[in-house]
Structures are given as structure tokens and as C-alpha cells.
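Subject: Structure handover

Dear colleague,

Here is the structure you were to receive. My notes on it follow below.

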Amino acid sequence: MDTLCPCPYCGASATVVHMYDGYDRADYGWDAGCPRWSLFDKHHDHSLPSPRVRGRLSKEEAVWAWNCYCGELKERLHNRQTVTNVEG
């Protein structure tokens, strides 16, 4: 299962990368998430959780964790919009 669901905030294709520092040979594991998150663009509400998972032991685990996390983020966004519509 290498298919990553898109970012629930902006719809961008998610990426998965192995974080390794060649200088001090530190292995930070596998990260998955939206490559646009750090741009502080209008598509990302930075008051909500980061659309990234970090430090996973394998690529497969990072993909699985990201896809699960996407479901949680989509649900939070839906609940937030529902509350806004009721209050507005």
C-alpha cells in the first residue's frame, strides 16, 4: 500500500521521505505529509494540527500512519465546518 491520500487541507499530493542526516549519520525515520505545509499559504489553517507524521520506522508505516491521520483530520475539519455553520 504505497498510495498516499492527498492533504485534507489543500488537496496537494502527499509525499513520503526518509529523513537521514549524512553529516552526523542520524536516522530520523520516515516522514509523510503535505509538502506545502511550511509555506504558510491560505490553504493551511495553522491553528489546526500539522498535516504530517514523523519519525516512523519504515516507509510502509509512514504511509499507513499518514492515511489514518488524514481520516482524523478530515473528520476534524468537517466537525469544525459544521459548528461554524450552526453558529453562523
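Two strands count as paired if DSSP finds at least two bridges between them. Strands (E, at least two residues) and helices (H or I, at least four) are DSSP runs, numbered from the N terminus. On that basis β1 and β2 form a hairpin with 4 residues between them, and arginine 25 in the turn has a positive phi of about 55°.

This is a predicted model, in which local features need pLDDT of at least 70 and side-chain atom pairs count only at pLDDT 80 or more, while totals for chains, interfaces and linings use all residues. Residues are numbered from 1 along each chain as its sequence is written, and side-chain values use heavy atoms, with hydrogens and water left out.

Confidence

The term pLDDT is the predictor's confidence in each residue, from 0 to 100. Its average over the protein is 79, and 76% of the residues score at least 70. Confidence is highest in β2, at a mean of 87, and lowest in α1, at 79. Where pLDDT is low, the predicted coordinates should not be read in detail.

Fold and sheet

The protein has 3 strands and 1 helix, in the sequence pattern β-β-β-α. The strands make an open sheet in the order β1-β2-β3, with antiparallel pairing. β1 and β3 (52-56) are at the edges with a single partner strand each, so one side of each has no neighbour in the sheet. Neighbouring strands of this sheet are turned by 20° against each other on average, direction ignored (axes are lines fitted to C-alpha atoms, for helices over the stretch in contact; angles run from 0 to 180 degrees between N-to-C directions).

The antiparallel pair of β1 and β2 (residues 26-33) is joined by 7 bridges. Threonine 15 has glycine 33 in β2 as its bridge partner, and valine 16 has alanine 32. β2 and β3, also antiparallel, are joined by 3 bridges. Here alanine 32 stands opposite valine 53 in β3.

Buried residues (under 20% relative accessible area; exposed is over 50%, partly exposed in between; 1.4 Å probe, protein chains only) make up 33% of the 88 residues.

Contacts here mean heavy atoms within 4.5 Å. Of the contacts with a separation of 6 or more, 47% are between residues 24 or more positions apart.

Leucine 4

Is leucine 4 buried or exposed? Leucine 4 has a relative accessible area of 18%, so it counts as buried. This residue lies in the segment before β1 (15-21). Beyond its neighbours within four places in sequence, leucine 4 is in contact with Ala14, Thr15, Val16, Val63, Trp66 and Asn67. Leucine 4 and threonine 15 are 11 residues apart in sequence, and their C-alpha atoms are 7.5 Å apart in space.

Regards
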